[in-house]
Amino acid sequence: MKTEKPSHQSIHGLKPDCLSFSEVLAQSFAVIAPTTIPASNIGLIVALSGNGTWLSFLIGLMGLLFVSININQFASRSASPGSLYSYISKGLGSTAGVICGWSLVLAYLFTGMSVLCGFANFSSVLIGHLGIHPSSITLLAIGAGISWYAAYKDIQLSAVAMLWMEAASVLLIAILCIIIWAHKGFALDMSQLTLSGTTPGSVATGLVLVMFAFSGFESATSLGDEAKKPLQTIPKSVMGSVILAGLFYISTTYIEVLGFSGTGVSITQTEEPLGFLSRQAGVGFLGEFVALGALFSFFACILGSINPAARVFFLMARHGLFHSSLGTAHSSNKTPHVAVTMCSLITFFVPAVMSLFNIKLFESMGYLGAICSYGFLTVYILISVAAPVYLYKIRKLRRRDVVFSVVGVGFMMIPVLGSVGIPGSTLFPVPEAPYNAFPYLFLLYILLTCGWFIIKRLRSPNLVVKMRQGIEEIHTKFSDTRKIP
């Protein structure tokens with residue numbers, strides 16, 4: 001039986017053994033930001049899947065469980081600030097690792113940008129009720145600034161803040177949903193349970209947005225140095241965040257669709273569905289609290305996105321891929337403060353520029369959120385391919401591991417097809433402009449970053465050796481803490 005020593009020392013200068021399981025779980029849960037779906041975005045998915053929306057979420061949950069199994073083949077054996085970048089480098093080599101690193105950086109930063117726009121838009125509405133109308137850039141700066149301070153100051157402060165904000169939001173929505181269901185007499189919605197009017201195509205199309213709703217569940221893997229018992233807490237957090245978010249999505253979706261039945265109002269046309277349902281149930285004040293909770297959830301997601309993005313930059317810099325200053329840790333805070341500051345500035349700068357060009361916050365949120373999904377999907381596919389290769393190298397490969405890999409890749413190809421579209425297909429139509437251009441912009445981004453890596457490798461022949469040594473050092477450290485009697 002394999003056991004792990006009670007503590008480990010960080011070889012990167014970050015604060016070791018400071019995060020409990022609940023705090024590590026909060027990291028992944030915060031990037032998923034599950035409360036934003038039932039509070040504001042559920043109508044978009046119902047418009048595609050109809051009465052089969054709950055089934056789309058169930059299929060999404062099953063698919064990402066297979067991806068999490070593939071991730072945990074690595075997470076149960078080693079841990080580092082590099083997240084899936086170090087795992088894929090270990091399994092598929094340096095080039096695949098760099099593609100993963102750049103994909104992760106884009107995914108986390110664009111998630112942060114998208115949610116920062118949501119934070120500014122949502123807070124603008126709430127503050128507007130008080131007769132206060134600050135500029136978009138002011139609200140963007142406030143959201144990014146507070147997130148920077150928490151991430152810069154202390155990872156434990158960040159984790160505790162995310163834990164309480166997300167827990168409060170989830171609890172409020174759960175209470176409200178029970179009240180809404182009670183208002184309906186705890187009725188069973190046979191139209192949903194029998195998938196009335198639903199086709200396999202509609203469920204599959206809805207799965208595209210469902211996959212995006214789960215994006216970021218793996219971000220706890222970036223806390224390898226700071227988590228207590230990382231080989232235990234990180235795998236449990238990765239899988240736990242998928243299961244908790246999935247069950248939350250399925251139950252709230254079922255109740256909200258049931259709640260709108262017979263009201264004469266369409267959930268697909270309602271921007272604040274829980275606000276409407278709370279008024280219908282006679283508890284409108286709870287809807288206001290849920291709106292405030294959703295605002296906190298947006299903020300937690302900004303913070304949750306900056307933390308892993310900074311740690312991927314941090315480790316890649318220590319491997320010689322970026323300027324060495326990005327790989328330094330604060331002497332007293334024990335955080336990657338330079339990388340955190342850079343990520344926070346980028347997270348603020350892009351939405352601010354879009355705002356100056358008069359692109360509405362809500363539109364910016366959609367554009368940036370769509371682009372970030374390609375980064376996550378690339379990483380999820382790469383990690384599912386890397387897992388069996390890695391297990392083969394260490395002579396631990398079993399038949400079921402190959403099945404987990406194939407199924408994981410297969411599930412991820414559904415949203416890929418949905419994002420790109422198939423000309424002439426009714427199941428996977430080509431998205432409308434400008435969304436139809438985003439996959440190709442992401443592909444250009446990958447080609448440019450790969451070209452940059454090839455040039456850098458040619459100029460510095462020892463670069464790949466340094467990467468391998470850094471990743472092997474991490475793996476060896478954890479191999480030494482595991483005893484096999």
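Q: Which helix gives the most to the lining of the largest pocket?
A: In this predicted model, α14 does, with ten residues.

Q: Where does α14 run, and which other helices supply at least two residues there?
A: α14 spans 361–393. The others that each supply at least two residues of that lining are α1 (21–32), α2 (36–49), α5 (94–128), α9 (200–214), α12 (284–318) and α15 (399–420).

Q: How much space lies in the largest pocket?
A: About 1,300 Å³.

Q: And which residues are closest to its centre?
A: L44, L209, F212, G366 and Y435, out of 40 residues that line the largest pocket.

Q: How does that lining divide into nonpolar, polar and charged?
A: For the largest pocket, 28 residues are nonpolar, ten are polar and two are charged.

Q: How many residues line it, and which are closest to the centre?
A: The second largest pocket is lined by 18 residues. Closest to its centre are S40, N121, E271, E272 and F362.

Q: Which helices each supply at least two residues of that lining?
A: For the second largest pocket, those are α2, α5 and α14.

Q: Which of them has the largest share?
A: α5, with five residues of the lining of the second largest pocket.

Q: What about the classes there?
A: The lining of the second largest pocket has eight nonpolar residues, eight polar ones and two charged ones.

How values were computed
Residues numbered from 1 in each chain as written. Predicted model: local features only at pLDDT ≥ 70, side-chain atom pairs only at ≥ 80, totals over all residues. Heavy atoms only, no water. 1 Å grid on protein atoms, 1.4 Å probe; cavity = no way out; pocket = protein on both sides within 12 Å on 5 of 7 lines; lining within 4 Å. Points joined across faces, edges and corners; volume = space filled by probe spheres on them. Helix = DSSP H or I, 4+ residues; strand = E, 2+ residues; numbered from the N terminus. Nonpolar A, V, L, I, M, F, W, Y, C, P; charged D, E, K, R; others polar.
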